Amino acid sequence: SNGGDGGLTITPTELLLLLSAAPAVTTVAPPAVTTTDMHDWLPAPPVSSGAATAAFRFAAAVGSGMVLAAAPKQAVVWGFCEAGASVDVVFRGQTIRATVAPDHATGASTTWRALLPATGASFEKHSLEARSGGRTLRLSDVLFGEVWVCSGQSNMQYPLGTPTCWNATNVNCSNPHTKQCSFGCTADAGAEIASMADFDGGMRLFQVGRMSSKTPLPDVRGEWLPP
């Protein structure tokens with residue numbers, strides 16, 4: 001969420017739980033406008049209705065390549081289905097019956113939610129399935145580990161740089177007046193960069209789409225970016 005007059009809410013309670021699985025990128029800086037209401041420059045969110053989200057599916061923030069919170073926490077996976085449907089989630093040989101109920105945002109859609117068993121952090125890639133009414137949805141390349149949520153304003157969409165912009169002669173920022181990748185310097189950056197190759201495959205990012213709403217929404221725009 002992003003503060004403003006009245007506040008900005010983009011996710012229901014259950015999505016906030018899931019978004020702890022990855023950093024999120026928020027809105028970009030607005031163009032010049034003649035009003036102070038940021039809802040005038042952000043694009044309007046899609047109209048939500050029960051019919052639009054009734055199809056059996058995962059929520060936008062639940063996808064292949066995601067990172068979920070590791071033990072001792074139990075991660076939640078969730079999505080949408082028809083009212084009255086039964087949904088089972090299969091994970092590591094265990095079948096878990098999901099809870100089916102109206103969404104926490106508007107109550108107009110029906111959601112399913114399943115609490116996974118606590119799973120230790122590692123680089124092991126997991127898969128899981130959600131089954132309902134003869135249909136099976138599959139996710140792969142799912143990791144469990146430490147999770148960070150990033151929020152802010154336009155600066156949250158600025159890139160860190162490109163692979164060729166780094167000045168190797170000032171890798172540890174011994175000269176604080178020399179910028180790296182158009183940004184400031186950070187001490188001991190050389191050691192951090194050297195270790196990145198060991199962890200890049202385990203770092204995932206869920207990028208939240210640019211949108212706004214003055215009322216809670218049952219889902220969010222976004223995608224998991226590959227490592």
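Reply: The largest cavity has a volume of about 30 Å³. The model is predicted, so local features need pLDDT of at least 70 and side-chain atom pairs count only at pLDDT 80 or more, while totals for chains, interfaces and linings use all residues. Residues are numbered from 1 along each chain as its sequence is written, and side-chain values use heavy atoms, with hydrogens and water left out.

Me: What makes a space a cavity?

Reply: On a 1 Å grid over the protein atoms alone, a cavity is a set of points where a 1.4 Å probe fits but cannot get out. Its volume is the space filled by probe spheres set on the points, which are joined across faces, edges and corners. The structure holds one cavity of 30 Å³ or more.

Me: Which residues line the largest cavity?

Reply: The lining consists of Thr99, Val100, Ala101, Pro102, His104, Thr111 and Arg113; a lining residue has an atom within 4 Å of a point. Strand 6 gives the most, with four residues. Strands are DSSP runs (E, at least two residues) numbered from the N terminus.

Me: Why is the pair of Phe206 and Trp224 called tilted?

Reply: Rings of Phe, Tyr and Trp (its six-membered ring) pair if their centres lie within 6.5 Å; planes under 30 degrees apart count as stacked, over 60 as edge-to-face and the rest as tilted. Here the centres are 5.4 Å apart and the planes stand at 55°, so the pair is tilted. Phe206 lies in strand 10 and Trp224 in strand 11, 18 residues apart. Both residues are buried, that is, under 20% relative accessible area with a 1.4 Å probe, protein chains only. By the ring rule the count comes to five aromatic pairs.

Me: Why are strand 2 and strand 5 said to stand at the edges?

Reply: Five strands form an open sheet of mixed pairing in the order 2-9-8-4-5. Strand 2 (67-69) and strand 5 (94-97) each have a single partner strand, so one side of each is left without a neighbour in the sheet.

Me: How do you know that strand 2 and strand 9 pair?

Reply: Two strands pair if DSSP finds at least two bridges between them. Strand 2 and strand 9 share three bridges, in the parallel sense, and Val67 stands opposite Leu143 in strand 9.

How values were computed. Buried < 20%, exposed > 50% of the residue type's maximum accessible area, 1.4 Å probe, protein only. 1 Å grid on protein atoms, 1.4 Å probe; cavity = no way out; pocket = protein on both sides within 12 Å on 5 of 7 lines; lining within 4 Å.
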